[in-house]
Amino acid sequence: MDLRHLEQIVAICRAGSFSGAAKALGIAQPTLSKSIGRLEAKLGIQLFERTNTSARPTSYGQFVADHASTLLQSVGTLGHELEQMARGEAGMLKIGVGPATRLHPLPKVMQRAAQAFPRLQFVTRYAGPNLMMRALRAGTFDLVFCNHQLATPQDGFIRVKVFEDRYIVVARPGHAALKAAPLSAAELARLPLASAGLTPDFRAWLGEIADAQTRNLEAFLSDDYDLIKRMAVETDHIARGPRFVFERELERGDLVEVGLISDFRYECWMLTTGATWRSPIVKAIAKFAKE
């Protein structure tokens, strides 16, 4: 007995006849009659009492039909869930983020995605630049949100630009650096800096500086922007990061932007593999992030 037989038995019970069941199943009535007849012969029992116009299940037939309905419903649910997984609406999505992208766009993306795909399990992990790229290549992450320094063309990666901002330097109100602004590279390098690390373009701008000044630029390194902001608010450290990281403190006046003689752009990108990009859910995540 296979699923085809179960579907046929349930259909006959519902229709009350072989002809009605055949029509519902989209097959010829003789084909249905032969299928059930062969099954009855194999099992050695009669499943239906037949007349010219109707078919009524025997106790055996009713027993099979009662159990088959539940089983077929489970099979239907399983098939639907498999389809959802194929479309990306169920299963698991693994996302890698950096110190800034876990603040934006990750929270809003997760809120939108959880509403749109309630059966989808999300796993988000922080990773440094090198680990993030290795994990994406290895399939440990399905997608990552990163800055433009990591979004350079990579083997087989799909790159989606999410939004733009700019890197800024901030300090507490009354900090001496505000009077000297806009700062040159040499002037900035004399101040203790709190940051998540120096980006390549920023390092290039700083150029060759003395060892003592290098220590200033690495005075406080952290992947936690809450700690970076506290250092700027509560000490004489200045802090650097994308502007959106400091938005709330700037609005409240807890921090003030320190002008530099050069500007540095920040771009958020989503990276994924060509295979993963085929999933509708990943395309939806990119859409949510851009919105």
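Biologist: What makes Asp224 a cap of the N-terminal end of α11?

Modeller: In this predicted model, a side-chain oxygen of Asp224 lies 2.9 Å from the backbone nitrogen of Asp226.

Biologist: Which residues of α11 are buried, and how do you know on which side they lie?

Modeller: Helix α11 spans residues 225-234, and its buried residues are Tyr225, Ile228, Lys229, Met231 and Ala232. They cover an arc of only 155° around the axis, which puts them on the same side of α11. The elements against which these buried residues pack are β6, β7 (193-195), β8 (220-221), β9 (238-242) and α12 (247-252).

Biologist: Why is His175 called buried?

Modeller: Buried means under 20% relative accessible area; His175 has 6% relative accessibility and therefore counts as buried. The residue is placed in the loop between β6 (157-171) and α7 (176-180).

Biologist: What does the side chain of His175 reach, and which residues are in contact with His175 beyond its neighbours within four places in sequence?

Modeller: The side chain of His175 reaches the backbone oxygen of Asp236 at 2.7 Å. With those neighbours left aside, His175 is in contact with Leu191, Asp236, His237 and Ile238.

Biologist: Why are α2 and α3 described as roughly perpendicular to each other?

Modeller: Helix α2 (residues 18-25) and helix α3 (residues 29-43) pack at an angle of about 110°, and their axes are 8 Å apart. Angles of 65 to 115 degrees count as roughly perpendicular, and α2 and α3 are therefore placed in that class. From α2, the contact is made by Phe18, Ser19, Ala21, Ala22 and Leu25, and from α3 by Gln29, Leu32, Ser33 and Ile36. By class, this contact of α2 with α3 has 6 nonpolar, 3 polar and no charged residues.

Biologist: Is Val282 buried or exposed, and how do you know?

Modeller: Val282 has 1% relative accessibility and therefore counts as buried, the cut-off being under 20%. The residue lies in helix α14 (residues 280-290). Leaving aside neighbours within four places in sequence, Val282 is in contact with Leu93, Leu143, Met270, Thr272, Thr276 and Trp277. The C-alpha atoms of Val282 and Ala113 are separated by 10.0 Å, although these residues are 169 residues apart along the chain.

Biologist: Why is Ile45 called partly exposed?

Modeller: Buried means under 20% and exposed over 50%, with partly exposed in between; at 25% relative accessibility, Ile45 therefore counts as partly exposed. Ile45 is placed in the loop between α3 and β1 (48-50). Not counting residues up to four places away in sequence, Ile45 touches Glu40 and Tyr60. The C-alpha atoms of Ile45 and Ala114 are separated by 51 Å, and these residues are 69 residues apart along the chain.

Technical notes: Residues are numbered from 1 along each chain as its sequence is written. This is a predicted model: local features need pLDDT of at least 70, side-chain atom pairs count only at pLDDT 80 or more; totals for chains, interfaces and linings use all residues. Side-chain values use heavy atoms; hydrogens and water are left out. Helices (H or I, at least four residues) and strands (E, at least two) are DSSP runs, numbered from the N terminus. Buried means under 20% relative accessible area, exposed over 50%, partly exposed in between (1.4 Å probe, protein chains only). A polar contact is a pair of N or O atoms within 3.5 Å; within protein, one must be able to donate a hydrogen and the other to accept it, and residues adjacent in sequence count only if both atoms are side-chain atoms. Contact means heavy atoms within 4.5 Å. The arc is that of the directions from the helix axis to the C-beta atoms. Axes are lines fitted to C-alpha atoms, for helices over the stretch in contact, and angles run from 0 to 180 degrees between N-to-C directions. Angles under 35 degrees count as roughly parallel, over 145 as roughly antiparallel, 65 to 115 as roughly perpendicular and the rest as oblique. Ala, Val, Leu, Ile, Met, Phe, Trp, Tyr, Cys and Pro count as nonpolar, Asp, Glu, Lys and Arg as charged, and the others, Gly among them, as polar.
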